[in-house]
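This report goes through a multi-chain model, taking the chains one by one and then the places where they touch. Please look at the sequence and the structure before reading on.

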Amino acid sequence: MSRQIFSRRALLAGTGVAAASALLPRRVFAASKAKIRIGLLLPYSGTYAALGNNITDAMKLAARELDNKLGGREIEWIAVDDESDPAKAPANVNKLVVGEKVDVLTGPVHSGVAMAMMQIVRQEKTLTIVTNAGAQAVTGQLCAPNVFRTSFSNWQTSYPCADVVLKDGKKKAVLMFWNYSFGQESMAAFKEGFTKGGGTIVKEIPVPFPSTEFQAQLSEIAALKPDAVFVFFAGAGAAKFVKDFADAGLKDKIALYGSGFLTEGVLRAQGAAAEGIKTTLHYADTLDTPANHKFRDAFKKATSREADVYAVAGYDTVHLLANALGKVKGDTGAQKELIAALESAHVDSPRGPFRFSKAHNPVQNVYVRQVKNGKEIVLGVAQKDAEDPAFGCQMAT
Amino acid sequence: MTLPRGVRAALLLGALALALVPLSGDRFWVQFVAKLMIGCLFAVSLDLLVGYAGLVSLAHSAFFGLSAYLLAALSNGLGLLSAFVTLPLCIAFAALAALAVGWLTLRTSGVYFVMVTLAFTQMLYYLFGESPALGGSDGVYIAQRPRLAILGRTVVDLGDPTVAYAAIWLALVLCFVLLWAIVRAPFGRVLIAIRVNEPRMRTLGYRTRRYKLGAFVLGGALAGLAGYLDATLYGFVNPAQFGWRQSGLVLVTVLLGGKGTLYGPAIGAALLALLEHFAERATEHWNAVVGAAVIAVVLFLPRGVAGLLEGHRA
Amino acid sequence: MTLPLLLLQLLNGVEYGLLLFLVASGLTLIFGVLGVLNFAHGSFYMLGAYLAYWLGERTGSLAAAVAIGVPLMFAVGFVVERLAISRLYGRDHLSQLLLTYGLVLLFNELQRALFGNDVHGVPTPRALAFGLPLGELQAWPAYRAFTCVACLAVAAATRHVLLRTRFGMRVRAGAVNPEIVEALGIDVRRLLSILFSAGTALAALAGILAAPLTTAYPGMGEGVLIVSFVVVVIGGIGSVKGAFFGALLVGLADTLGKVLFPGVSSAMVYAVMAAVLLWRPRGLFGQPAEAR
């Protein structure tokens with residue numbers, strides 16, 4: 001007797017559920033079936049190719065850890081080689097945003113490409129996660145609710161270095177950098193910190209991007225005899241600069257400093273020439289945390305390459321997306337909820353604790369590192385919970 | 001210089017087809033074809049110099065870029081949004097620059113002329129690319145696109161992709177018709193004669209340098225128009241718009257399409273853009289496809305695609 | 001700027017100029033004698049640099065790269081000339097420009113297919129990986145001194161071949177009047193093939209020597225090509241002596257520009273060319289005859 005009632009109840013309950021589900025918005029059902037399209041606007045050729053590859057591979061590694069599903073939906077990767085060329089950027093971004101209609105746009109490496117991307121995604125309101133480019137404007141003047149950055153801002157990676165240089169007793173510095181927005185902003189941030197602490201900039205030497213002919217400038221630096229040289233170069237350019245600096249006989253005579261990009265990913269190529277260089281960055285290979293060890297081991301196993309700061313940003317991006325999309329059950333159309341979910345996300349990143357500021361830039365520790373015996377040793381924290389000043393961002397006020 | 005009837009019909013059909021593209025509603029294609037049409041306009045304006053006056057100029061992209069940058073300066077810096085004001089100013093600026101460059105470079109001839117025009121465009125490329133004040137290598141954004149307002153009400157807003165498309169289509173058609181008329185007028189005929197045998201024209205009493213300069217300025221002004229429209233389309237100007245790569249590319253489209261025909265370069269520009277787009281999706285090594293196509297055209301279609309369309313003519 | 005620094009920068013400029021000369025000498029001869037505007041010349045430079053990287057990785061020696069790479073590129077030049085360039089003789093410069101532009105696209109893709117998209121550093125030969133001390137802080141990399149010497153040796157050899165051998169005599173005659181040379185019964189076709197191949201090999205040699213200094217990267221050919229054209233024009237088309245002095249002038253202008261006017265250094269070279277052409281419209285040592 002009881003079994004009949006039970007089954008009748010079950011039948012009623014089942015009917016109720018079926019009726020209710022018929023009333024649910026179609027969108028949720030459609031969304032949970034369609035693949036989630038993630039656009040990758042990254043350099044796969046030229047001086048930053050290694051960076052683009054590392055970011056991509058780290059993203060795919062994170063995806064595999066999540067069974068290749070974000071919010072219950074399978075991932076479709078759509079990649080475009082931006083060639084680190086700002087001139088081609090509008091067309092490339094359009095290809096992904098307007099042509100391929102990606103759900104989430106990620107990248108780029110080059111800050112100039114990022115600026116082009118910002119113009120378009122602000123208009124199109126595509127959910128965008130900047131996985132490397134450090135231009136201040138991305139979370140400054142051009143900040144937007146649909147834009148997040150999981151990497152760094154120029155200020156965070158250069159300003160703290162000024163203190164490091166001053167503490168080493170160096171007061172006269174020469175600046176040398178690739179002459180585009182990232183290099184210019186890095187130098188401005190360093191100069192601000194350095195002059196505030198009583199240092200003087202002897203000379204600023206711009207080099208056209210992506211030129212790697214440094215001989216004439218190195219001769220000049222040797223003649224100027226400064227206490228220290230602060231530089232910005234990254235990727236293959238950084239590898240070459242450090243080697244040329246040593247070849248010119250300057251290695252143990254003038255102290256070389258830079259934002260961490262000077263040695264990230266290129267230590268092996270630089271070899272002994274990199275010994276002793278101090279840099280500041282929000283990550284270091286040798287960070288002794290379980291999250292970092294687990295990440296580095298997994299990355300090495302998957303790609304046979306060593307992970308670096310570029311990979312970390314890609315890795316964190318996918319985990320953050322998974323976190324946030326999980327909260328909205330994969331509904332990429334619910335942008336407001338998605339944004340709120342991202343804003344409140346906390347992630348156990350290989351770089352240490354990390355959360356988003358109001359301007360959607362990471363608030364993170366910046367470490368002082370030094371190359372010793374071919375490894376990046378962490379000397380300490382240059383700035384704890386460094387937050388980019390976000391000048392001109394409406395959301396940060 | 002009459003067109004064979006088939007070609008004329010094809011051109012009219014093409015213009016009509018282009019006019020209908022916005023009806024498709026596909027935003028990506030509307031923007032792609034708009035950019036393609038700007039390339040056609042740019043190539044046609046160069047054909048006046050290369051195909052008719054016999055001036056192989058690598059400075060053409062300089063005028064394209066200068067006009068674009070002036071628009072950025074006027075609209076960002078001075079807040080001038082009215083196209084009634086900015087369009088004539090930008091074209092005039094490009095024309096003036098062409099006058100200055102032409103006056104200096106037309107002293108040379110042949111390969112030296114090509115190289116001197118290259119020098120000017122390269123100097124501009126580095127000037128704009130390396131000074132942060134002028135935007136640097138990352139380029140400059142145009143905060144607000146130009147618009148046409150009558151009595152305070154915006155009638156035409158070039159920020160709207162469909163409106164921009166219509167403006168570009170109109171510009172292309174009008175310029176084509178204008179140049180078509182010019183090359184059949186006495187001015188054009190003198191230019192062609194100068195290209196064929198300049199010393200003879202000089203002995204006949206023509207001030208050949210003036211005619212060449214006139215063609216250079218007219219071409220430069222139209223290149224400026226193309227630059228203005230390009231800046232409007234993407235809201236972005238970049239030093240790469242100067243530089244020999246851009247100049248070289250438009251020269252390639254002129255040669256591919258068939259110089260000295262006006263419509264040939266337009267076809268060349270369109271074909272190259274389409275070839276690149278589809279080859280890119282087909283294979284990673286799409287550059288090789290384009291390269292092979294270019295080589296094939298040179299070896300088998302010595303007068304370009306237009307030569308193919310016109311059949312065997314003297 | 002102090003005198004020692006100035007002298008050192010002059011040395012840097014000369015070193016750059018001498019490498020440019022290797023590339024430009026081939027270009028000016030091909031342009032002057034074959035009458036071909038070879039836009040693909042930079043691609044041979046690039047292939048040389050990539051060969052230096054690839055062969056260097058496998059053999060561990062730059063000398064091996066030179067020994068294998070140069071003859072290999074000579075052969076490549078020969079094949080390119082037979083298959084493509086020979087069809088361009090007598091055609092107008094624009095067609096030549098277009099066809100060789102197509103070749104550049106093909107070579108670029110070939111490089112990507114063979115060597116990938118990355119930038120590749122090329123290690124300096126260990127024997128030359130030291131610095132020549134020039135002051136308390138200054139040291140000039142010995143490898144740069146070596147490239148200077150190597151380029152000068154090649155320049156001297158080129159001069160010897162052009163001025164003192166029968167082949168050179170025919171080349172010089174061909175630069176002035178190819179029709180007469182043919183009329184004299186000399187196998188002009190073979191002359192042109194060998195000349196083109198030699199030009200290609202020179203460009204490749206420059207690429208191999210320069211690889212440790214510039215790294216091997218995609219698109220490196222176009223940059224050097226444009227500057228080489230500038231050198232050729234400054235020196236005068238067809239004149240190897242002109243290419244030599246033009247290259248030195250360009251090297252010095254570029255280096256001094258980087259140091260004295262870093263904001264506009266890259267434009268210096270073009271400003272110099274424009275100035276030279278305004279003074280001597282046919283280049284420093286160009287032929288006063290009609291332009292081809």
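## Chain folds and contacts

Chain B is built from 13 helices and four strands. The radius of gyration of chain B is 19 Å, against 20 Å from the globule rule for 314 residues, so chain B is as compact as a globular protein of that length. The model is a predicted one, and every value here is computed from it.

Along the principal axes, the C-alpha trace of chain B spans about 55 × 45 × 40 Å. Of the 314 residues in chain B, 54% are buried. Counting contacts in chain B between residues at least 6 apart in sequence, 76% are between residues at least 24 apart.

Chain B also contains a hairpin, made by strand 2 and strand 3 with two residues between them. Strand 2 covers residues 147–150 and runs antiparallel to strand 3, with four bridges joining the two. One of the paired positions is B:Ile150, whose bridge partner in strand 3 is B:Arg153. In the turn, B:Leu151 has a positive phi of about 55°. Strand 3, residues 153–157, is hardly covered, as the count of buried residues among its five residues is zero.

Chain A contains 13 helices and 15 strands. With a radius of gyration of 24 Å, close to the 21 Å that the globule rule gives for 397 residues, chain A is as compact as a globular protein of that length. The C-alpha atoms of chain A fill a box of roughly 100 × 40 × 40 Å along the principal axes.

| Chain | Buried residues | Share of contacts (at least 6 apart in sequence) that join residues at least 24 apart |
|---|---|---|
| Chain A | 59% of 397 residues | 73% |
| Chain B | 54% of 314 residues | 76% |

## Where the chains touch

How many residues of chain A are in contact with chain B? On the chain A side there are 16 residues, in contact with 15 residues of chain B. Helix 4 (89–99), helix 5 (111–124) and helix 7 (181–196) of chain A each supply at least two residues of that side. By class, the side of chain A that touches chain B has nine nonpolar and seven polar residues, and no charged ones.

Chain C also meets chain B: 31 residues of chain C are in contact with 29 residues of chain B. At least two residues of the chain C side come from each of helix 4 (93–115), helix 9 (220–235) and helix 11 (265–279) of chain C. Helix 4 of chain C gives the largest share, 14 residues. The residues on the side of chain C that touches chain B comprise 21 nonpolar, six polar and four charged.

## A glycine in chain C

C:Gly246 sits in helix 10 of chain C, which covers residues 240–260. Is C:Gly246 buried or exposed? C:Gly246 is buried, because 30 other C-beta atoms lie within 10 Å and the cut-off for a buried residue is 20 or more.

Setting aside neighbours within four places in sequence, C:Gly246 is in contact with C:Ala24, C:Val231, C:Val232, C:Ile234, C:Gly235 and C:Leu284. C:Pro123 is 123 residues from C:Gly246 in sequence, and the two are 30 Å apart in space, C-alpha to C-alpha.

Note on methods. Residues numbered from 1 in each chain as written. Chains lettered and ligands numbered in written order. Predicted model: local features only at pLDDT ≥ 70, side-chain atom pairs only at ≥ 80, totals over all residues. Buried ≥ 20, exposed ≤ 12 C-beta atoms within 10 Å, placed from the backbone. Contact = placed C-beta atoms within 7 Å. Nonpolar A, V, L, I, M, F, W, Y, C, P; charged D, E, K, R; others polar. Rg over C-alpha atoms; globule rule 2.2 N^0.38 Å. Pairing = 2+ DSSP bridges.
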